[in-house]
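Hi,

Here's the structure I promised to pass on.

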Amino acid sequence: LERLERIAPDSVRVLQIRGLDAEALGDLKGAEVCYRKVIEKEPRIPGGHYALGHVLRRGGKEAEARLEMERELEIDPYHHLAYFELGAMLLEGGDAQAALPMLEKAVKLRPALADPKVELGKAYLQLKRPADAIPLLREAIAKEPEHPNAHYLLSRAYLMTGATEEGRREVAIHQEILRKQNLPRRGMTQRQ
């Protein structure tokens with residue numbers, strides 16, 4: 001990097017690395033500046049709009065982040081993380097129906113990842129489709145047994161289908177995971 005900075009200090013690659021470094025250090029403003037410069041220099045660079053959107057989302061700039069994720073998908077229609085984050089934002093905004101195709105696409109593109117399956121399961125639960133959520137959440141748990149939300153969501157799905165014993169078992173597992181991680185417990189009535 002030092003050699004590249006000497007040769008081409010304002011190159012897109014140097015700016016991307018500076019943005020990643022700033023992001024890793026928690027300097028979201030600095031990362032945003034770098035990523036905006038990347039896009040200014042190369043507006044159609046794959047990953048550029050995603051990186052900016054990700055930082056904007058972390059900084060609480062949801063509307064701008066959504067636009068950047070949509071721009072990324074125009075450039076790269078196979079960017080699973082852009083689908084995932086866009087779907088998660090839509091879901092957080094209360095639009096489970098709009099989130100559904102985004103999250104389904106993220107799962108389809110990267111079926112080995114747990115987080116997209118958990119978010120898709122959450123969307124199914126919000127749409128009152130617990131039977132669709134159960135297999136996804138079980139797959140996520142198989143991949144990541146200590147996932148902080150998967151067991152809780154699976155407990156809700158089981159309870160919604162009338163599988164009370166399975167629901168209780170999953171909430172107990174969830175509470176044990178939280179106890180081990182010293183995280184606050186979720187009440188069964190709290191909306192996830």
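This is a predicted model: local features need pLDDT of at least 70, side-chain atom pairs count only at pLDDT 80 or more; totals for chains, interfaces and linings use all residues.

Residues are numbered from 1 along each chain as its sequence is written, and side-chain values use heavy atoms, with hydrogens and water left out.

The protein has eleven helices and zero strands (DSSP runs numbered from the N terminus: helices are H or I with at least four residues, strands are E with at least two). Its C-alpha trace spans about 65 × 35 × 25 Å along the principal axes. Of its 192 residues, 46% are buried, meaning under 20% relative accessible area with a 1.4 Å probe, protein chains only.

Now for the inside. The largest nonpolar core has 44 residues; such a core is a set of buried Ala, Val, Leu, Ile, Met, Phe, Trp, Tyr and Cys residues joined through side-chain atoms within 4.5 Å. Helices giving two or more residues to this core include α3 (28-41), α6 (80-92) and α10 (150-160). The largest share, seven residues, comes from α6.

Which residues touch the most other core members? They are Leu103 and Leu120. Leaving out residues up to four places away in sequence, Leu103 touches Phe84, Gly87, Ala88, Leu91, Glu119, Leu120 and Ala123 (contact means heavy atoms within 4.5 Å).

Cheers

Note on methods: Buried means under 20% relative accessible area, exposed over 50%, partly exposed in between (1.4 Å probe, protein chains only).
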